[in-house]
Amino acid sequence: MKTTFQSNSRLELADQYVRFTNKNVFLTGKAGTGKTTFLKNVKAKSPKRIVIVAPTGVAAINAGGVTIHSFFQLSFGPNIPDNKPAERRISNEKIKAIKAIDLLVIDEISMVRADVLDAIDEVLRRYRNRSLPFGGVQLLMIGDLHQLSPVIKEDEWDLLRPYYQSVYFFESKALAQSQFITIELTHIFRQADEQFINLLNKVRDKKLDAESTRLLNSRYIPNFQYPDDEKYITLTSHNRAAANINAIKLGELKGKTYTFTAEITDDFPESMYPNELNLELKVGAQVMFVKNDSNLEKRYFNGKLGEITDIDEELIWVKCPNEKEQIIVSRVSWDNIKYILDDSKTMQEHTIGTFSQFPIKTAWAITIHKSQGLTFDRAIIDAASSFAHGQVYVALSRCKTFEGLVLSTPITSESVKSDNTIAVFDQEAEKQDLSDLALLEAKKRTQGDWILDLFDFKFVKIGLHYLHQNLEPIQDQFASSTFENIAIILENYNTEIDTIIEKFRRQLESLISQTDLPEENEELQERIKKGSVYIANKLQESVYNILKNIDLACDNKETRNNIAKLWEQSLKNTFEKLMLLKSNQQGFDSTVYLTTKANISLDFETEKTRLFKAQKTSETSGSSTDLFNQLRVWRDSVANDKNIEKYMVLAQKALQSLADEMPRNKADLAKISGLGKIKVQQFGDEILDIINEFCETNGIETNNIIRENKPVKKALVKGSTHEMSFNYFKEGKTITEIAEIRNLSASTIEGHLGEFVKKGLLEVSDIMDAQKIKIIREFMLENPDLKGSALKEALGADYSYGEIRLVGASINAD
């Protein structure tokens, strides 16, 4: 590679690429160079939304992630590029998680086939951006090609051979389009012996010469018997050999065999079990810890060896070499997780199943494959029959020291399997430019992409157009204001935002192309500040504030739900863009931008909850200026009481007609489309009460709509009409009689008389039953915030609007 870095520089370089660019990174390095530690740091510190996957269940559990196949719902067979299988169903919850990913970490990438990586690309493109490799998601691929390679059957490779030169991940067609960068960590933390490190490097690079082979085989000790105060573990090529050694050793021990069955809850597939389902142990057994200690003491770690000294039903005592105190071991739990977006500001790991077992297993021997990622002080290695590329290197590199290594069979050149494809890949990686200038250019491109994305309104525009397009043919099923407001929003967007945004983006592109890093370009930053403020204000006032208050009430549940989904998506697109613009009104900052993007999902859910509560409060309280809402609240309440569909009481169009025409008597009420004689008889009085109360409150004395061929009545002034009702009442006529004489509803007459109660010229007890007065009065005094429809609904059907107004007038008179 063109520039040489020290170990800390390589780690810093990788960190800079992962945190501050969108470039795909292959992080590799010899065993013990800190790849796992780097992943933990990225997970803890990165502002990006991260998902971690791995090719096997155990690798996924160890990395704190999930398996590739479960997360992306891939088939286990070969994924042939020209013959895509039927799309497997992915849950809405998982789709949300896929759409939210900023960084996809693939651990143990050396074991991932090229066709699997292309299948991941297909899923990400499907749910994100079809025009970009991996849907625009950044990849961090971690692993060592010189360790374990992908597993594939010969007949499966025959199917894939026409499409790929080799099975390795770097042959992926999608990855080739992304021009990923390879960063190799070179400083080894696991071994300190330079001679041993050099020897391991020769094994890894398949460059064992005669002297290196002689030195390596100096650790060949036939029939080796280790002393009692030292613990060795045997690493073998095959499962059967390891199982036989453990079974023989356990059987040789005297005493009781204890069997501990794992406790499994919910979803935890057998392929992901991190330990034995039925764990057989004896006092004196050599065991290995298979999990890191989560307690503060950190008494054990994954790969630590010891010997069981005592066992009971709940605890196991383990003595480790060179340690005075025994470790008291209890059951621990492993989690099977999935990624979801919920009430958190980051991608959330949701536990879907647990596996509880003691974190130890018999460990006189394990396979080389299962030893990957572990570290041992002492190991006996039987790798002469290794069958896969990288096995010998994995086995040898598990040991901390050369002296802790014992070969049960000599290592020959035939034992060290080589693969020329990897050698060619390494040579190409050496040619990559890892200079400071290359990093600067990557940062510059990435910051430019993020800035242009900040002012990309494509999804806002599409969402609004799609909502308008789908609502237009069914607009008569909603309130008249619904489609009108959507049309206004679209017009506002087209004239106030869309006309300027492309011109503004071209200005930004010109400034981004300058030599400076965008974040350090003062002229660019000034344009971003001004543009963010101006466009955010336009988006807020002309689009978002109207959109968030759209009335979506509709009698047809399916229609409402369909439009509501489009509305919510459009609202979300607009909200997210608005929040990003507001976060950059002091200038563009990469960390702020990424953090805001990570937080937006929660922020929108909070905003949506607030909007729904506000809408519900507005509807249930009944706006004094919105007759349609009051009628709808009444209609919904009746439907709920009768346990029938809302449209069976009154259709949406009928409610709109009532609000528009405001009929004041049953004769006019019957002329409203959707109200026949039966409904007028059933609900006429209640409807007229609501309309008359609304008209009284707002000083409306006649119908808003003058019907054709209908004599126009001369409007009476408020004083004269109230006095007329009052005079009839003083003559001894009842409210019902006055209503018939005047062709008004009883509730209206009660409202007229209430004016005289308020002035102290009439006692409410002269009009109403004393018991009713007492109940209404006490309730109103205890609930002073309840008004209008909400008050009527709370009191119930036994009390009319007119009676409530009369008692209210008497309270005011007091």
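User: Why is Asp551 called buried?

Analyst: In this predicted model, Asp551 has a relative accessible area of 16%. Buried means under 20%, so Asp551 is called buried.

User: Where is Asp551 found, and what does Asp551 touch?

Analyst: Asp551 is in the loop between α18 and α19. Leaving out residues up to four places away in sequence, Asp551 touches Phe478, Ala479, Thr482, Phe628, Asn629 and Arg632.

User: What makes the pair of Asp551 and Arg632 a polar contact?

Analyst: Their side chains are joined at 2.8 Å, and the cut-off for such a pair of N or O atoms is within 3.5 Å.

User: How do you know that the span of helix α16 agrees with its 14 residues?

Analyst: At 1.5 Å a residue, α16 (residues 458–471) should span 20 Å, and its end C-alpha atoms are 20 Å apart, so the two agree.

User: Which residues of α16 are buried, and what covers them?

Analyst: Val460, Gly463, Leu464, Leu467, His468 and Leu471 are buried. They cover an arc of only 125 degrees around the axis, which puts them on the same side of α16. Their cover includes α17 (480–512), α18 (522–547) and α19 (557–583). On the face turned away from the buried side, Phe459 and Gln469 are exposed.

User: How many bridges pair β7 with β19?

Analyst: β7 (residues 233–236) and β19 (residues 379–382) pair over four bridges; two strands count as paired with at least two.

Methods
Residues numbered from 1 in each chain as written. Predicted model: local features only at pLDDT ≥ 70, side-chain atom pairs only at ≥ 80, totals over all residues. Heavy atoms only, no water. Helix = DSSP H or I, 4+ residues; strand = E, 2+ residues; numbered from the N terminus. Expected span 1.5 Å × (residues − 1). Buried < 20%, exposed > 50% of the residue type's maximum accessible area, 1.4 Å probe, protein only. Arc of directions from axis to C-beta. Contact = heavy atoms within 4.5 Å. Polar contact = N/O pair within 3.5 Å; in protein donor to acceptor, adjacent residues only side chain to side chain.
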